[in-house]
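Please read them with the coordinates open.

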Amino acid sequence: MGADARIQELKLELPPAPKPVATYVTALRQGDLLYVSGHGPLKPDGSMFTGKLGAELDLAAGQAAARQVGLAILATLRAHLGSLDKVTRLVKTLGLVNCTAEFAQQPQVINGYSDLMKDVFGDAGVGARSAVGTNALPGNIAVEIEAIFQVAD
């Protein structure tokens, strides 16, 4: 089953593909790699999940925010490629978590995104990954994720 069919089977609602908020593109293809710029947890209504893990947000809220980032990234992939079926593998993910200095569950937060990628792309949706904490993200978003995908025509 292809990724587009999995999206329907899982009844996932993708938000509109995000537009750049500064001087960059949301994705850039170089050969068979698609570099996806940092995305925030964009909801279908255009709002974002905001707040700091370890203060206003708990682990479950952070995982939900990371999953929502994954949905926004899927929307960007589909907009750039025309079909998610052109993704052959997730190569690398960098997850940034807006958190307090004491919060130490960044990998578990980013699992909200990683589990979604595995659900959509199967084993090809599990790639190399880093998950780090930061004291602030743009607009006080809870999570920002960038990724590299291998794609085919």
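Predicted model: local features only at pLDDT ≥ 70, side-chain atom pairs only at ≥ 80, totals over all residues.

1. The core. The largest nonpolar core has 37 residues. Those with the most contacts inside it are L74, L77, Y113, F121, V143 and F149. At least two residues each come from helix 1 (3-9), strand 2, helix 2 (59-81), strand 3 (87-98), helix 3 (106-121) and strand 5 (143-151). Helix 2 supplies the largest share, nine residues. As background, nonpolar side chains tend to be buried together in soluble globular proteins.

2. L74. What does L74 touch, if residues up to four places away in sequence are not counted? The list is I7, L14, L84, L116, M117, V120 and F121. L74 is also among the residues with the most contacts inside the largest nonpolar core.

3. The aromatic pair. The count of aromatic pairs is one. The ring centres of F121 and F149 are 6.3 Å apart and the planes meet at 55°, so the pair is tilted. For reference, a pair counts as edge-to-face over 60 degrees and as stacked under 30. F121 sits in helix 3 and F149 in strand 5, so the pair ties together parts that are 28 residues apart in sequence. Are these two residues, F121 and F149, buried or exposed? Both F121 and F149 are buried.

4. The pocket. The largest pocket holds about 330 Å³ of space. Its lining has 15 residues. V21, Y24, G38, G40 and M48 lie nearest the centre of the pocket. Which element gives the most to the lining? Strand 2 (residues 33-39) does, with three residues. By type, the lining divides into seven nonpolar, six polar and two charged residues. Note for the polar count: Gly is classed as polar here.

5. Q106. This residue is found in helix 3. Q106 has 12% relative accessibility, and therefore counts as buried; the cut-off for buried is under 20%. Beyond its neighbours within four places in sequence, Q106 is in contact with V97, C99, A131, V132 and G133.

6. D119. Helix 3 also holds D119. Its relative accessibility is 34%, so D119 counts as partly exposed. Neighbours within four places in sequence aside, D119 is in contact with R6, L10 and R67. Take L10 from that list. D119 and L10 are 109 residues apart in sequence, yet their C-alpha atoms are 8.4 Å apart in space.

7. Positive phi at K11. K11 is not a glycine, but its phi is positive, about 55°. The residue is found in the loop between helix 1 and strand 1 (27-30). Is K11 buried or exposed? At 74% relative accessibility, K11 counts as exposed.

8. Positive phi at N140. N140 is not a glycine either, and has a positive phi of about 60°. Where is N140 found? N140 is in the loop between strand 4 (128-134) and strand 5. N140 has 38% relative accessibility, so this residue counts as partly exposed.

Note on methods
Residues numbered from 1 in each chain as written. Heavy atoms only, no water. 1 Å grid on protein atoms, 1.4 Å probe; cavity = no way out; pocket = protein on both sides within 12 Å on 5 of 7 lines; lining within 4 Å. Points joined across faces, edges and corners; volume = space filled by probe spheres on them. Helix = DSSP H or I, 4+ residues; strand = E, 2+ residues; numbered from the N terminus. Core = buried A, V, L, I, M, F, W, Y, C linked by side-chain atoms within 4.5 Å. Buried < 20%, exposed > 50% of the residue type's maximum accessible area, 1.4 Å probe, protein only. Contact = heavy atoms within 4.5 Å. Phe/Tyr/Trp six-rings, centres within 6.5 Å; stacked < 30°, edge-to-face > 60°.
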